[in-house]
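Let's take a look at this one together. Here is the sequence with its structure.

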Amino acid sequence: MVPRVISSLFLEAGFLYLKGGVCMSYVDVFSDIIAKQLNGELTKEEIMNVVEKPKFEGQGDLAFPCFTLAKTMKVAPHKIASDLAQKLEHPLFEKVVSEGPYVNGFLDQTEVSKEVMKTVLEQGRNFGSHEFGHDERIVIDFSSPNIAKPFSMGHLRSTVIGNAISNIAEKCGYQTVKVNHLGDWGTQFGKLIVAYKLWGNEATVREEPIKELLSLYVKFHEEVKNNSDLDELAREWFKKLEDGDEEALNLWRWFRGESLKEFSKIYELLNVAFDSYHGEAFYNDKMKDTITELKRKNLVTHSEGAEVVELSEFNMPPCLLTKSDGATLYATRDLTAAFYRYDNYKFAKSLYVVGHEQSLHFNQLFSVLKKGEYPWADRLEHVPFGFILKDGKKMSTRQGKVVLLEEVIEEAISTARNNIEEKNPELNDKDDVARMVGVGAIIFHDLKNDRKSNIEFSIEDMLRFEGSTGPYVQYTYARTQSILRKAKLEKISTETGLSDPYSWAVIKAIDTFPKTILKAFHGNDPSQIAKYLIDLCRDFNKYYANEKILIDDEGLEARLALVKSVSIVIEEGLNLLGIEAPKAM
RNA sequence: GUCCCGGUAGCUCAGUAGGAUAGAGCAACAGCCUUCUAAGCUGUCGGUCGCAGGUUCGAAUCCUGCUCGGGACGCCA
């Protein structure tokens, strides 16, 4: 077995246990004592491979299935399990029993809970952090809205997914470069300039820039149906823009500035910041070099007046670099950006958080770089996500079918505000908390499901604050804070453990946090953390409902240690998703 | 036509290096606040895991075919 597999298994095991300076996992211990009884029938590693979590409550904490053993030993699996279980014992295990073909191990809850809480309280916010990133750089291209178009629900996905992936990467020891690759160049500006010159006027645009520019854009697409000359005109104006025509450039600068002002309001609400706003226009004067470079590598051929890179060996259509009129294309700009980013950041990974409808485009992009044999070509990765659908169909800017993110956020905040007035009118900082909760609801709603699946737009779902939602997690956090305030303890000791079934579920959940972060990182999948938080909160709320915490007895400190541990993990988990945790709500 | 996603409870979705009796939330119904925040907790109802084969001791999970929905497929981004 290769070392990487062993180390990943080791991390997967969870339950890290320190004794005598040797880091042991509970899976490790369990597998070890089984291996010793099997006299070489299976190695410890093979056993670790199949050890799993029992399916049902009351079946213990670790399970070893005996099916494969039954084959080689030619003995019925339940017989093997019961023989084996009788011989297994270890101080960390309260008992080991067989159930059908499984050997189930029960951990000593008092000892393990003490260990877990101690680790969390000592490490605090660093609990769950990893160091394998070694400060290498990951470039993340995300959000990337189009100038002169409204910030739609679709851009929200890229923004919150990219932001969360960035936080998770940092938690794993990487440095991140967050790039907002603004859609501030392209034929759409030709269209917009034409539309503005034909039907627009300055005063209206100044008053409500995004709204007016959008309606001009929509009008262009309506008119072009009856007048195909408009398309040609738009192409000409874009060409002028690329050639540095003053009138075109001035309009472009104006539209871009107004758009950025609007976007920054949204980023402020979402609490997202970028390291670079180099959009497509930034690469305008660098594209000649790209084409020269690709020609130097003999990659460029001519086809129907256009310059392309043939990709038939990758079973893909060719990648177009220039149109027959000489103007560049989307792919040219993305290639240029890839070169620029590698030269400037020497990234270990470069991610593109962009909708899955662009999968072909990115595959072409990566294939061009592979064909050019750039050694870093395989460090680029497309992180696709599904659409936000309206009535089962993709929303289209061209037809004006968009839902504006800012309006949705405002509505979420005011709903949160109403809830506060109703449920907790004495609360301080109502506006601030309402903002955290409203925005948290929207971000969580977007992140809780697999990013690849399409989402049917539903304002009702987004404004739901009960069940598997952001506010549910935030509420659970507020509960922990309320208890800790009332307890008035300066330092919580972890000299005693816990052994009731409700706290045990919480302890086991806390313990899987580091592993959940690994899973989220490797899959570029923030939903792992969202789902984890829901599970943790459910376990904690059950504990809260069934065990009285603030009783002055010998178990008080252990219970408070649990509450404190939970609060640390929830806060950190929410922050990784880009959500704030209110102290009260 | 080719390629890429997806089909699990009425709705929204978890669940894949194959494992025990398929899980949540919402909705519906029934309970729990003189006791740590009821944005919570508990219970009831609810499923031929799209269809058909195959591999296996064992398949929602792996393979093949089919079907349905969405998307992409040279001068848009």
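## Helix H8

Which helices do the buried residues of H8 pack against? Keep in mind that this is a predicted model. The partners are helix H9 (202-207), helix H10 (209-223), helix H11 (229-242) and helix H12 (246-270). On the H8 side, the buried residues are Gln188, Phe189, Gly190, Lys191, Leu192, Ile193, Val194, Ala195 and Tyr196.

## Around RNA strand B

H8 is also one of the elements that each supply at least two residues of the surface near RNA strand B, alongside others including strand S5 (102-107), helix H19 (470-487) and H22. In total, 69 residues surround the RNA, and the closest are Tyr102, Lys323, Tyr475, Ser482 and Tyr544. Of the RNA atoms that come within 4 Å of the protein, sugar and phosphate make up 61%.

Some protein backbone atoms take part as well. Threonine 187 has a backbone N or O atom 3.0 Å from a phosphate oxygen of RNA strand B, and a polar backbone atom of aspartate 450 sits 3.2 Å from a phosphate oxygen. Glutamate 547 goes for a base instead: its backbone N or O atom lies 2.7 Å from a base nitrogen.

## Aspartate 525

Now for the loop between helix H21 (513-522) and helix H22 (527-546), where aspartate 525 is found. Aspartate 525 is buried but has no salt bridge, with the nearest side chain of opposite charge, lysine 531, 5.0 Å away. What its side chain does have is a polar contact of 2.6 Å with the side chain of serine 527. Leaving out residues up to four places away in sequence, aspartate 525 touches Arg451 and Ala520.

Methods
Residues numbered from 1 in each chain as written. Chains lettered and ligands numbered in written order. Predicted model: local features only at pLDDT ≥ 70, side-chain atom pairs only at ≥ 80, totals over all residues. Heavy atoms only, no water. Helix = DSSP H or I, 4+ residues; strand = E, 2+ residues; numbered from the N terminus. Buried < 20%, exposed > 50% of the residue type's maximum accessible area, 1.4 Å probe, protein only. Lys, Arg positive; Asp, Glu negative; His and termini not counted. Salt bridge = Lys/Arg side-chain N within 4 Å of Asp/Glu carboxyl O. Polar contact = N/O pair within 3.5 Å; in protein donor to acceptor, adjacent residues only side chain to side chain. Contact = heavy atoms within 4.5 Å. Near = heavy atom within 4 Å.
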